[in-house]
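Here are a few notes to go through with the model open beside you. Take them one at a time and find each residue as you go.

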Amino acid sequence: MPRIYFDNAATSWPKPEAVYRVVDECQRTIGAAAGRGGYRSALEAGRSVERARQKLANLLHAGDTKQIVFASNGTDALNLAIHGLLRPGDHVVTTVCEHNSVLRPLRHAIDTLGCEVDYVSCDSQGVVAAATVQAVLRSNTRLVAIVHASNVTGAIQPIAEVARFVQPHPALLLVDAAQSVGRVPIDLRAMPIDLLAAPGHKGLLGPLGTGFLFVRAGVESQLSPLRQGGTGSRSNEDSQPLLMPDKFESGNLNVPALAGLAAGIDFVQQHGVDSIRHQEEQLTKALIEGLQDLPGVTVYCPTNSHDRVAVVSIAITGYDPHELAAVLDSLHGIECRAGLHCAPRMHQALGTEKLGGTVRFSLGCFTTTEEVETVVEAVGQIAKAS
């Protein structure tokens with residue numbers, strides 16, 4: 001049975017062939033740590049890391065490459081932003097659409113720092129109104145944390161509008177771009193985003209174990225590093241260096257994975273984010289149109305294709321989502337995600353929590369029209385039999 005992969009919101013698969021090749025070559029021919037020696041292979045390891053940093057900065061129009069901090073994944077980057085910034089008694093504004101990568105660090109801040117958090121609601125398609133964010137800002141609001149695109153409905157949030165409301169306020173704006181980077185154009189010159197976190201293994205097509213945090217110049221002084229240790233710089237001092245990005249990059253970086261990330265970004269740039277977005281929009285539209293008229297099937301996603309990424313959630317009357325996903329896998333070879341997708345407040349808002357969540361289909365740039373048709377046909381057979 002062929003493998004039909006529809007879980008790109010968790011991690012992209014397959015990767016571009018160059019990603020596999022570069023990771024293997026880096027491990028076989030370089031095999032050294034970056035910034036930990038002056039010999040040739042160590043210097044080449046350092047160049048591999050900086051190539052990834054430069055390519056990422058170029059893709060996002062981030063300016064100075066030193067403002068890109070590498071992390072082990074998107075969750076790690078979000079933890080750095082949230083725990084590194086918040087202080088006792090701070091107020092935070094976030095939304096019900098957030099992933100647990102934001103919700104759980106905020107819960108920890110509530111429990112340990114006495115922080116207060118407002119959770120802004122969304123509409124039936126998972127979209128937040130920017131004005132509702134503005135309405136709950138306080139004088140002591142230190143952080144506004146918002147996901148760029150939902151990992152449940154695919155809804156793209158009005159980040160530019162939110163940023164305009166937050167910009168004159170002392171609060172910093174943190175954007176979780178896990179589902180959007182590499183799939184939606186992001187221009188950090190045009191949007192006053194203070195912190196942007198994302199993994200490298202989803203829309204950027206890099207390996208697992210990669211992520212980053214963009215820190216707008218000047219904001220680094222407000223962030224405390226979560227780890228201290230060797231950076232390959234200022235080794236005569238026992239205090240953590242303050243220079244970027246060393247302040248937040250203690251310990252050895254995952255050089256082979258970052259080399260692979262650079263290859264993934266090359267693929268994205270060669271094909272163009274706009275082109276990838278258009279392709280995914282068309283396939284997602286075909287998937288939604290095929291699913292929405294099936295008996296007993298409810299589709300959760302924005303109706304306008306420009307307001308969503310390639311993520312679609314469904315429920316079938318009479319089916320537990322985990323049961324449905326198991327049937328799709330065992331009988332049709334369709335790999336998708338079932339449950340709450342680490343976004344429990346979103347399911348509360350959508351009314352799907354009582355169903356046990358949804359079944360999520362997430363497409364990628366390697367998804368084909370034939371695969372979409374197979375998914376629609378398979379769901380139709382199951383819905384008809386339910």
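**Notes on a helix pair, the cores and a threonine**

1. Start with the contact between two helices: Ala45, Ser48, Val49, Ala52, Lys55, Leu56, Asn58 and Leu59 in α2 meet Val255, Leu258, Ala259, Ala262, Ile265, Asp266, Val268 and Gln269 in α7. Contact here means heavy atoms within 4.5 Å. Sorted by class, eleven of these residues are nonpolar, three polar and two charged.

2. Before going on, note that this is a predicted model, where local features need pLDDT of at least 70, side-chain atom pairs count only at pLDDT 80 or more, and totals for chains, interfaces and linings use all residues. Residues are numbered from 1 along each chain as its sequence is written, and side-chain values use heavy atoms, leaving out hydrogens and water.

3. Now the geometry. Helix α2 covers residues 40-60 and helix α7 residues 255-271; they pack at about 35°, with axes 8 Å apart. Axes are lines fitted to C-alpha atoms over the stretch in contact, and angles run from 0 to 180 degrees between N-to-C directions.

4. On to the cores. The largest nonpolar core has 61 residues, and Phe70, Val144, Leu173, Leu196 and Phe212 have the most contacts inside it. A second, separate core has 30 residues, including Leu283 and Phe361. Such a core joins buried Ala, Val, Leu, Ile, Met, Phe, Trp, Tyr and Cys residues through side-chain atoms within 4.5 Å.

5. Is Thr210 buried or exposed? Thr210 counts as buried because its relative accessibility is 1% (buried means under 20% relative accessible area, exposed over 50%, with a 1.4 Å probe and protein chains only). A polar atom of the Thr210 side chain lies 2.7 Å from the backbone oxygen of Pro207.

How values were computed:
Helices (H or I, at least four residues) and strands (E, at least two) are DSSP runs, numbered from the N terminus. Ala, Val, Leu, Ile, Met, Phe, Trp, Tyr, Cys and Pro count as nonpolar, Asp, Glu, Lys and Arg as charged, and the others, Gly among them, as polar. A polar contact is a pair of N or O atoms within 3.5 Å; within protein, one must be able to donate a hydrogen and the other to accept it, and residues adjacent in sequence count only if both atoms are side-chain atoms.
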